Amino acid sequence: MSLPKIRLERCFEVEDGLWRLDGAQERRLVRSLRCRPGDIAEGLLPDGEGKRLLMRLEKSPEGYFLRAAGEISDFREGVSITLLIGLLKADQFDAVLRASSELGIDVIIPLLCERSVPRIPPAGWAGKASRWQKLLDDGTSVSGAVFPPRILPPVTLGELDWDTLPDERYAAVISRVSRPISEARPSVKAAYAVGPEGDWSENELSVLGEHGFIPVTLGGRIMRAS
């Protein structure tokens, strides 16, 4: 049976092994998931190497607390994935973020592509970042991933720092020269690039090719970018 999960970095550590729930975490655990004092939950703590802790829910006049009652051995994926994703409309991009947090993506780089419909001015990034990171945190609270994906500010391909990407690189491309994605078996680290709703422009495909991205496909049908 899966235990309810709480992100401990959002809570306040009163003392070693004891965390007080903030309002949002209390609502989720007590009201939404209907946990009661004495129930066991799973605490996700990304500090350092990351930990998954067995926690017992306690209540006092000061509020609700979680006390560590043991540690769960963590399973870490053997592959580290960086996702470059063309900026999509709000509902589609939210779907990408939720899926990324469940699938184990490590880094997400939103791309301002030539055919991207949404445009985010630098002044609007802070508000978007906060909302997007909350979606990622909430997604890992469901999947049980200790480390939520890290999302970077949106950039164009011309602004991208290519040296920060893994050497193994693949791009979703609708083309006869694309390889089946099943043949792309990353060893340790890899980057995957997916275009916006309108797909990549010819110029963007050229830039990706110049920087070592191998075209891959999921098959003969065209799917939504998300």
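## Starting at helix 3

Among the elements covering the buried residues of helix 3 are strand 1 (5-7), helix 1 (23-32), strand 4 (40-45), helix 2 (90-103), strand 8 (107-111) and strand 9 (150-151). Contact here means heavy atoms within 4.5 Å, and buried means under 20% relative accessible area, exposed over 50%, partly exposed in between (1.4 Å probe, protein chains only). Helices (H or I, at least four residues) and strands (E, at least two) are DSSP runs, numbered from the N terminus.

A word on what you're looking at: this is a predicted model, where local features need pLDDT of at least 70 and side-chain atom pairs count only at pLDDT 80 or more, while totals for chains, interfaces and linings use all residues. Residues are numbered from 1 along each chain as its sequence is written, and side-chain values use heavy atoms, leaving out hydrogens and water.

Now select 125-143, which is helix 3 itself, with 19 residues. Its buried residues include Trp-125, Trp-132 and Leu-136.

Next, the aromatic pairs: the whole structure has three (ring centres within 6.5 Å; planes under 30 degrees apart are stacked, over 60 edge-to-face, the rest tilted). Show Phe-93 and Trp-132: their ring centres are 4.7 Å apart and their planes at 50 degrees, so this pair is tilted. Phe-93 belongs to helix 2 and Trp-132 to helix 3, so the pair ties together parts 39 residues apart in sequence. Both Phe-93 and Trp-132 are buried.

Then jump to Trp-162 and Phe-213, with centres 6.1 Å apart and planes at 70 degrees, so they pair edge-to-face. Both are buried too.

Notes:
Expected span 1.5 Å × (residues − 1). Phe/Tyr/Trp six-rings, centres within 6.5 Å; stacked < 30°, edge-to-face > 60°.
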